[in-house]
Amino acid sequence: MKQNETKAIRPFGMKDKCAYMMGDLGCNLVLTLANSYLLIFATKVLGVAGAVVGTLFMLARIVDAFTDMAMGRIVDTHADKHGDRFRPWIIYGSVPLVICSTLMYNYFLASAPMIVRIIWLVVTYLLFGSFCYTAVNIPYGAMSTVISQETIHRASLSTWRNVGSNIGTLLLGIAIPMLIYVKDEQGNNIDSGPRFLIVSIIFGVLALIALFICWKGSVERVKIPNKKEEKNGTNKDVMMRCLKDRTILINFGFGIFIYAATQVFMTFNQYMFLDYFGNTSLSGVSSIIMFAGIMLSAPFASALSKKIGMKETCVIGLVLSTISYFVLFVIRVSNPAVYFAGSFISFFGLGLVSMISYALGNACIDNHFLETGDHTEGTVYAMNSFVRKLAGAICTGIGGWGLTLIGYNELATVQTEAVKQSLFNISMLLPTICFALALVFMVLLPLSKKKVEENNRKLEAMNQ
């Protein structure tokens with residue numbers, strides 16, 4: 001790039017942070033809606049058995065093995081005429097993403113033959129998750145590596161990304177329970193198909209606005225020229241080197257279980273308030289408390305990561321999350337206030353992890369680059385996205401099968417006491433196990449504070 005063109009690019013600042021935050025807000029508005037409520041919609045409105053829905057969601061991830069990797073290699077090896085690799089996909093893919101999100105909540109099919117309902121779920125879920133979401137989110141996630149080369153800037157983008165994600169989760173957590181449920185003649189909460197569709201449209205429009213702001217306000221400062229072939233081998237060779245990288249693989253393992261823990265919570269938290277506590281209005285309160293836990297962890301995450309290191313801070317957070325959920329399971333909490341207290345501690349710990357997890361992922365990419373010379377920002381993010389979505393789908397599958405195994409009646413307004421207790425066991429025990437396994441992988445991750453600082457010095461020397 002010419003000297004005068006370099007001077008025309010604005011320096012990294014608050015506009016970059018806010019724009020990047022809006023990207024995850026937009027993605028999260030449609031993804032969290034699907035992760036938290038699509039299973040409920042499919043079972044309660046369309047009347048599809050939980051085991052069937054869970055199986056469909058898990059099988060859909062097989063397609064992701066191809067679409068995620070393909071998207072990662074595309075953004076790693078192709079730029080547009082302006083030299084941008086990631087921004088164009090955010091704006092081009094946003095409209096199809098929102099349309100597919102809305103199509104999933106087609107309540108008009110509730111009286112259609114069961115095979116029609118199942119086919120519709122399969123097709124729309126595949127289009128949404130495996131194609132449209134992949135085309136937007138993978139370029140968005142990998143874009144942080146080219147917004148700035150400064151480690152401190154990337155860390156701030158990770159924090160602001162999580163702020164956007166959690167704002168989206170909070171909006172959905174408060175608004176949706178108030179919007180999708182209606183009362184029957186006995187005063188029980190039941191799901192409204194038309195309201196599901198309206199909610200998907202409203203949040204789809206909000207997602208479009210957020211993604212447009214992200215696209216408009218983002219700048220790709222690090223330019224890498226197009227290459228027909230990677231200098232260190234074919235695309236397959238690069239991916240195979242990634243799969244042999246111990247640091248990347250361990251980070252994948254951590255990502256699988258931390259995402260699985262979050263996915264299980266988001267899926268079953270709705271059933272906990274609908275069936276176990278019998279009060280869906282408490283779901284909004286729960287969202288506020290969890291959001292507070294994550295947001296209050298932000299200054300601690302920043303201070304601790306600078307003082308003791310990113311990996312070390314994640315270990316502390318995962319210990320808090322594991323212990324809090326284990327205690328809730330052991331005492332078999334029946335008081336919502338105690339449940340809220342345990343959730344606050346757990347999500348404070350999760351906040352310590354989530355605020356810096358993407359920066360830690362970038363550290364894995366930097367480490368791989370120093371060892372191999374490969375530019376793999378998109379590839380690694382795509383692989384990470386795939387394993388996380390696979391984990392989420394497996395957990396949803398387990399959840400769907402679990403609902404069927406415990407005798408959950410999709411069409412009943414009130415579940416039996418045995419079903420309620422079994423629902424509690426799934427909701428508490430699965431996150432505990434997932435948090436504990438994520439902790440094991442984080443302990444094994446060979447990116448101590450000393451190692452990260454050593455890598456940063458090497459990168460700074462290369463850029464001088």
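## Nonpolar cores

In this predicted model, the largest nonpolar core holds 74 residues. Seven of its members touch the most others: Leu97, Tyr105, Phe128, Met143, Ile176, Phe196 and Tyr271. Helix H2, spanning residues 14–45, gives the most to this core. Its share is 17 residues. A second core is separate and has 55 residues. Ala301, Met310, Val333 and Tyr339 are among them.

Neighbours within four places in sequence are set aside here. Tyr105 then meets Leu33, Ala34, Leu38 and Phe41. Tyr105 is also in contact with Phe196, Leu197 and Ser200. Phe196 is itself one of the core members that touch the most others.

## Packing of H4 and H8

Helix H4 covers residues 87–103, and helix H8 covers residues 193–217. They pack at an angle of about 180 degrees. Their axes lie 9 Å apart. Angles over 145 degrees count as roughly antiparallel, so H4 and H8 are roughly antiparallel to each other.

From H4, the contact uses Arg87, Ile90, Ile91, Ser94, Val95, Leu97, Val98 and Thr102. From H8, it uses Leu197, Ser200, Ile201, Gly204, Val205, Ala207, Leu208, Leu211, Phe212, Cys214, Trp215 and Lys216. By class, 14 of the contact residues are nonpolar, four are polar and two are charged. Leu97 of H4 belongs to this contact and also to the largest nonpolar core. Leu197 and Ser200 of H8 take part in the contact, and both also touch Tyr105.

Thr134 sits in helix H5, residues 114–142. Is Thr134 buried or exposed? Its relative accessibility is 2%, so Thr134 counts as buried.

Ser192 lies in the loop between strand S2 (189–191) and H8. Its relative accessible area is 12%, and the cut-off for buried is under 20%. Ser192 is therefore buried. Not counting residues up to four places away, Ser192 touches Ile180 and Val182. Ser192 and Phe203 are 11 residues apart in sequence. In space, their C-alpha atoms are 17 Å apart.

## Confidence

The chain averages a pLDDT of 84. Of the residues, 92% score at least 70.

Where does pLDDT stay under 50? Residues 1–7 form that stretch. The model has three contacts for these residues beyond four places in sequence.

Note on methods. Residues are numbered from 1 along each chain as its sequence is written. This is a predicted model: local features need pLDDT of at least 70, side-chain atom pairs count only at pLDDT 80 or more; totals for chains, interfaces and linings use all residues. Side-chain values use heavy atoms; hydrogens and water are left out. Axes are lines fitted to C-alpha atoms, for helices over the stretch in contact, and angles run from 0 to 180 degrees between N-to-C directions. Helices (H or I, at least four residues) and strands (E, at least two) are DSSP runs, numbered from the N terminus. Angles under 35 degrees count as roughly parallel, over 145 as roughly antiparallel, 65 to 115 as roughly perpendicular and the rest as oblique. Contact means heavy atoms within 4.5 Å. Ala, Val, Leu, Ile, Met, Phe, Trp, Tyr, Cys and Pro count as nonpolar, Asp, Glu, Lys and Arg as charged, and the others, Gly among them, as polar. A nonpolar core is a set of buried Ala, Val, Leu, Ile, Met, Phe, Trp, Tyr and Cys residues joined through side-chain atoms within 4.5 Å. Buried means under 20% relative accessible area, exposed over 50%, partly exposed in between (1.4 Å probe, protein chains only). pLDDT is the predictor's confidence in each residue, from 0 to 100.
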